[in-house]
Structures are given as structure tokens and as C-alpha cells.
Amino acid sequence: MGHYRPSAMRQQKAQTVPQEPNLIPIMNLFLTIIPMLMMMVVISQIALLALNFSQGEGGVSYGQGGGGGGAQTEKVEIHILGNQYAQENNTTIGMEIREAGFKPMIIPALNGYYDYVTLNKTLQEIRSRKETLSDITVLVHPDVLYGDLMKTIDLCKVNGFTQVHYTASKVEYY
Amino acid sequence: MQILDKLTSSNKSERRVRKKFEEVKGLSITSLLDELTIILVFLVKNISTEVVKISAEPKITYPHTITNDKLLEKAGTTPIKIFPDRVVVGAEALEYGSPAELATDAKKRQDLLTYLQMEANDIIQHQKAETCLLVQADYSIPCDYITEIVRAATAAGYSYIYFATLEDADWLKKYSAGLAE
């Protein structure tokens with residue numbers, strides 16, 4: 001065994017091969033956090049459809065007129081007719097478009113399904129006639145499904161009717 | 001002498017074996033760690049705290065929409081989940097009852113109104129934010145129940161009501177194709 005001076009001994013220690021940091025705890029942490037965050041990313045893919053009730057009358061109105069928006073000068077209403085209404089009035093389910101100065105237009109359902117293609121075309125036509133109009137009222141019957149209501153509101157928004165008024169055809173409780 | 005020979009030969013063989021094992025190096029996971037760090041930063045950046053409240057429920061079939069409105073940045077959100085068989089209210093996921101009770105039970109409706117008023121007041125007074133109700137309902141829920149919730153929320157003072165859907169830019173095309181078939 002050779003003998004070294006104190007300074008040489010220190011040098012020898014410094015020259016030893018540096019140890020790799022222990023990455024296993026960090027890996028474990030990452031393997032826990034990343035799947036959790038990835039699950040949350042899938043969650044954030046949910047879309048949102050907003051109704052603004054902050055201005056004007058607010059709330060859900062019943063029968064004629066809309067809830068959730070300001071005053072309407074040119075009224076356009078979409079009535080989503082349910083099965084109950086169809087049975088009571090001896091007609092088929094569908095949608096009725098009511099516009100001031102025009103006859104009510106019925107869009108009958110096809111094989112029991114609402115005809116959104118015709119509704120979209122009708123809304124496009126109304127949009128071409130009334131370029132500045134942003135208000136539209138959706139009147140929904142109690143037995144109409146939530147999915148159908150969302151699709152109708154969605155088409156209104158797609159066609160530039162940003163102020164959608166939600167209306168129901170029932171007696172009020174509150 | 002023979003013993004010495006044996007010793008030297010055994011030592012030599014031992015050295016050879018050692019050399020063999022010394023050549024094997026540990027698996028380098030540095031590059032993997034780099035990738036994981038990049039993913040982690042990306043995920044953290046893309047996730048807001050609001051997402052926790054908008055957790056998707058696998059038991060709810062969401063309707064598809066083209067529109068995707070942004071949630072207000074400064075908003076206090078109260079989630080309400082309507083499953084086909086039960087209603088869950090608030091961030092604490094309080095069991096409310098069945099959706100049918102919304103239309104039939106006046107006391108239940110009053111309870112919902114009271115709860116929403118309490119939540120709305122809390123948002124306005126403590127969070128100083130806009131009041132938002134987030135409705136997550138199943139496609140097959142009759143609108144009667146949705147109307148009751150919207151009405152209770154507006155009566156309680158909620159300014160915005162958001163409906164959770166799944167974004168699908170082609171749903172109309174698909175629907176049209178389905179009808180044609």
C-alpha cells in the first residue's frame with residue numbers, strides 16, 4: 001500500500017467515479033401523477049352550452065315569451081313538441097317555428113326522430129333574412145328529452161342566435 | 001508447489017468471471033425521465049382546478065353539440081348531476097333523490113331551492129364571483145326535470161347556467177346519415 005500526502009489523499013477521493021442519483025422515487029412519483037393527470041385531461045374534453053340569465057327578466061318562463069335574456073323586438077320561437085302534445089292534439093311530434101309576420105312552420109319528426117337537418121336549414125334561412133337578430137326562444141314540452149333540447153339550442157347557437165331563451169310549457173311552482 | 005499452482009489458477013479463473021459481470025451496465029432511464037417531465041409539465045399546464053368540478057360521469061350519456069362555450073374565468077360553479085335514476089347536487093356530491101321527485105315532491109323542490117340559494121350567497125359573498133350552475137344530465141332525462149332545476153337556479157340567483165355536453169362537430173351529419181338509413 002502506497003503512502004500519500006494529505007493533499008494527495010483528498011485528490012484521490014475526488015477522483016472516484018460519481019454515483020448516479022437514485023431515480024426510482026422520482027419514477028414512482030411520476031408513474032402516480034401522470035395517469036391521474038391524463039384521466040383529468042379526458043375529463044376536460046367536456047363541452048359546455050351556456051344560457052345567460054343575468055340580464056332582463058331571467059328565469060324560466062311559461063307559455064309565451066322567453067326566460068333568460070333581455071327584451072325581444074323580433075320574436076322567433078321554436079316549440080319542441082313532445083309525445084303528450086302530439087296525442088292530445090292528434091298530431092305527430094316535431095318542431096314548430098313561430099316568427100312574427102309569418103305563418104307557423106311545422107317540421108314533423110321523421111320516423112319518430114326530430115328533423116334537425118330541416119331545422120338547421122330553416123334557421124339558416126331566418127338568419128339570412130334577419131342578420132342582426134341574436135335572440136331566439138326555445139319552448140320545450142315536459143316530455144321532450146334533454147338531448148333533443150340541447151341539440152336544438154346547439155343549432156340556434158351555430159346559426160348565430162347567441163341569446164337563447166329557455167321556456168317551458170307548464171305551470172310555475174316558485 | 002502444486003498447491004500454489006492450484007491457487008494461482010483458481011485466482012485467474014475468478015478474475016475472468018469478474019470481468020464478465022463488470023461489463024454489464026445499469027439501464028439508463030434518464031431519457032425516459034426527460035419525456036415524463038415534458039408530459040407532466042404539459043398536463044399540469046392544461047388542467048385547471050375547475051376541471052375537478054366538471055368531472056365526467058361514465059354513467060351519464062352526454063348529448064353531442066357543435067358549440068362549446070367557455071366557462072367564465074371568474075365564476076363560482078355549483079355542479080348538479082342528473083343520472084337516469086338519481087340526482088347528485090353540489091361539489092360535495094350530496095344525494096338528492098330521484099329525478100321524478102323534482103316534479104312530484106314540493107318539499108324536495110323547496111329543499112333544492114334552499115340549497116341553491118345558500119350556495120349562490122356563498123359564491124357572491126365569499127368568492128365574489130359570478131354564479132354559475134353546471135347541469136350534467138343524461139340524454140334521456142325528460143326536460144320537465146331540467147326545467148325545474150333551471151327554474152330553482154334562477155330563483156336562487158344564478159346568473160349563468162351551463163349544460164355539459166360532448167363536443168362533436170359532425171353530429172348533424174351523422175344524425176342525417178342515420179335518418180337516411
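User: Let's start with Ala93(B): buried or exposed?
Analyst: Heads-up that this is a predicted model, in which local features need pLDDT of at least 70, side-chain atom pairs count only at pLDDT 80 or more, and totals for chains, interfaces and linings use all residues. Residues are numbered from 1 along each chain as its sequence is written, while chains are lettered from A and ligands numbered from 1 in the order in which they are written. A residue is buried if 20 or more other C-beta atoms lie within 10 Å of its own, exposed if 12 or fewer and partly exposed in between, with C-beta atoms placed from the backbone. Since Ala93(B) has 11 other C-beta atoms within 10 Å, that residue is exposed.

User: What is phi of Ala93(B)?
Analyst: Ala93(B) lies in the loop between strands S3 (87-89) and S4 (94-97) of chain B; helices (H or I, at least four residues) and strands (E, at least two) are DSSP runs numbered from the N terminus. Most residues other than glycine have a negative phi. Ala93(B) isn't a glycine, yet its phi is positive, near 55°.

User: And over in chain A, where is Asn90(A) found?
Analyst: Asn90(A) has a positive phi too, near 50°. As for its place, Asn90(A) is in the loop between helix H3 (83-88) and strand S4 (94-99) of chain A.

User: In S5(A), which residue is the bridge partner of Met95(A)?
Analyst: Strands pair if DSSP finds at least two bridges between them. S4(A) pairs antiparallel with S3(A) (residues 76-81) over six bridges, and four bridges join S4(A) to S5(A) (residues 105-108), again antiparallel. In S5(A), the partner of Met95(A) is Ile107(A).

User: Which element gives the most to the side of chain A that touches chain B?
Analyst: Counting residues as in contact if their C-beta atoms, placed from the backbone, lie within 7 Å, the contact takes 47 residues from chain A and 51 residues from chain B. The elements giving two or more residues on the chain A side are H2 (24-43), S1 (46-52), H4 (116-129), H5 (146-158) and S7 (163-168). With 10 residues, the top contributor is H2(A).

User: In S6(B), which residue is the bridge partner of Ala50(A)?
Analyst: S1(A) runs antiparallel to S6(B) (residues 160-167), and the two pair over seven bridges. Within S6(B), the partner of Ala50(A) is Tyr162(B).

User: How do H4(A) and H7(B) lie: parallel, antiparallel, perpendicular or oblique?
Analyst: Axes are lines fitted to C-alpha atoms, for helices over the stretch in contact, with angles from 0 to 180 degrees between N-to-C directions. The axes of H4(A) and H7(B) (residues 171-180) come within 9 Å and cross at roughly 130°. Angles under 35 degrees count as roughly parallel, over 145 as roughly antiparallel, 65 to 115 as roughly perpendicular and the rest as oblique. So H4(A) and H7(B) are oblique.

Note on methods. Two residues are in contact if their C-beta atoms, placed from the backbone, lie within 7 Å.
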